[in-house]
Amino acid sequence: MTEATVQGDVLEWALEDAGVNRDEILAAVGLRGSAAQSLPLAGPVTLDEEALKYIARATRRSVYFFALPAPPETSRHSVDANFRAPMSNAGQARTLSPDERAAVRDAKRRQQAAEKITRELGHDAVRLPSIPSNATPERAAAVVARWLQWGDVQERRRHITSKTQLFVAIREALEGHGIMTNLLPVEGDALRGFTLHHDHVPLVFVNSAVKHPAARSFTLLHELAHLLRGVDKACDKHDLQSRTSEEAWCNRFAAAFLMSQPELTFYMGKYLKKGFIQDDDIDSVRRIAGYFFCSYYSVAIRLKQLGLASAGLVDAVSGSFEEPAQDGFARGGQTRVQKRLSAYGTGIARLFGEALQNAAVSEIEVRKSLNLKSQNELRNFLALGREAV
Ligand SMILES: [Zn+2]
């Protein structure tokens, strides 16, 4: 059996960085015994290949990471101490799972690769609209809609005809204004999304394990709200249904962006002939959600916020309520390159394309950052990014 020698401190670093149960993993690969369990490992440790692969999988690292002679000097790819974890139902911050930590780490890695390039190309910092801390969600949503040139719903409905298309359109508007958006799967669907603020490459991440496109749009906007308020935060479904403080502000912002007051009241008056939606009137919620291409939940909290429904309606579409699927479940047949573009966003494709044209980066570096296997894949990726403009 092939054996590998790993530095003990590299092993310890990876286990701690991944947030996994160290003792359990060491025991599983036979590094048992009181000394190994209690004292940090140091110096060369010999492992068989299977054990090394097991540790690499558990820590979401490549096996090559364990060939390092010493641990990375800084934890720059790791989850910062000031990164705010989702809240549990009991209102306590929960710890991120290893898979979630890996998602944050990988997003940071791409953010840093993009940052390096924006600096080399001499790009200005991204100018996000400034939202005063005492601004109402309503006001903030109007500022952001203007900034993104979001226009009115009738105009939008000429080219957006589904909830999936609305998600794509919001994403493109953000990408076009310098915000990097990531859409990647994270184990389970507890984590909905997170933000990583940055002067040059602000980033919003949405968990693609959540399939409903309207839920994705809501998450994207909720996380945008955190970003504009300068908070790096990971959020669970629980946060996205929170009715208190910061999370509730972000939820109201998302709902206000999706449905402006005049448009919503106009729709209700003209098509529903109603000025108030009763707690059990889920059909009206469905129709409004269909018109604005958003989720039932966002409709309910928007109506409640505007005094057009009571809290009972929000309760009726919260918690275990499952919104019926209408469209947008992942269409099959995407190529690997299309999947990468959908995961990493079009902004990074355009940025890397510009960098390659200016020889500010090597093809190998770009391919490594974007996990593209060949020159051909890279070319297709860049072409798709250009077409998306
Ligand atoms: Zn949140």
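Q: Which residues touch the most other members of the largest nonpolar core?
A: This is a predicted model. Start with a general idea: in soluble globular proteins, nonpolar side chains tend to be buried together. Here the largest nonpolar core has 83 residues. V204, L221, F253, A254, C294 and A300 touch the most other members.

Q: Which helix gives the largest share of this core?
A: Look at helix 9, residues 213–228. Nine residues of the core come from helix 9.

Q: Which domains does the core draw at least three residues from?
A: Two are listed: domain 2 (98–316) and domain 3 (336–387). Each gives at least three residues.

Q: How should I read the domains, and which ones are given for the protein chain?
A: Begin with the bounds. The domain assignment gives domain 1 (3–67), domain 2 (98–316) and domain 3 (336–387). Then take a pair. The C-alpha centres of domain 2 and domain 3 lie 26 Å apart. Contacts join the pair: 14 residues of domain 2 meet 15 residues of domain 3.

Q: Which elements give two or more residues to the side of domain 2 that touches domain 3?
A: They are helix 5, helix 8 (163–176) and strand 3 (180–184). Helix 5 gives the most, with six residues. By class, this side of domain 2 has seven nonpolar, three polar and four charged residues.

Q: At what angle do helix 11 and helix 14 cross?
A: To read a crossing, take the distance between the axes and the angle. The axes of helix 11 (residues 245–258) and helix 14 (residues 296–305) come within 9 Å. They cross at roughly 95 degrees. Angles of 65 to 115 degrees count as roughly perpendicular. Helix 11 and helix 14 are therefore roughly perpendicular to each other.

Q: Which residues meet where helix 11 and helix 14 touch?
A: Helix 11 brings N251, R252, A254, A255, A256 and L258. Helix 14 brings S298, I301, R302 and Q305. By class, this contact has five nonpolar, three polar and two charged residues.

Q: At what angle do helix 13 and helix 14 pack?
A: Their angle is about 105 degrees, with the axes 9 Å apart. Helix 13 and helix 14 are therefore roughly perpendicular to each other. V285, R286, I288 and A289 in helix 13 meet Y296, V299 and A300 in helix 14. The contact divides into six nonpolar, no polar and one charged.

Q: Is R60 buried or exposed?
A: R60 lies in the loop between helix 4 (49–58) and helix 5. R60 is buried, with 20 other C-beta atoms within 10 Å. N371 sits in the loop between helix 18 (363–370) and helix 19 (375–387). N371 is partly exposed, with 13 other C-beta atoms within 10 Å.

Q: Where is P129 placed?
A: P129 is in the loop between helix 5 (98–120) and helix 6 (137–147). P129 is partly exposed, with 13 other C-beta atoms within 10 Å. Not counting residues up to four places away in sequence, P129 touches V143, V144, W147 and L228. P129 and L41 are 88 residues apart in sequence and 48 Å apart in space, C-alpha to C-alpha.

How values were computed:
Residues numbered from 1 in each chain as written. Predicted model: local features only at pLDDT ≥ 70, side-chain atom pairs only at ≥ 80, totals over all residues. Core = buried A, V, L, I, M, F, W, Y, C linked by C-beta atoms within 7 Å. Buried ≥ 20, exposed ≤ 12 C-beta atoms within 10 Å, placed from the backbone. Helix = DSSP H or I, 4+ residues; strand = E, 2+ residues; numbered from the N terminus. Domains from an automatic or database assignment. Axes fitted to C-alpha atoms, helices over the stretch in contact; angles between N-to-C directions. Parallel < 35°, antiparallel > 145°, perpendicular 65-115°, else oblique. Contact = placed C-beta atoms within 7 Å. Nonpolar A, V, L, I, M, F, W, Y, C, P; charged D, E, K, R; others polar.
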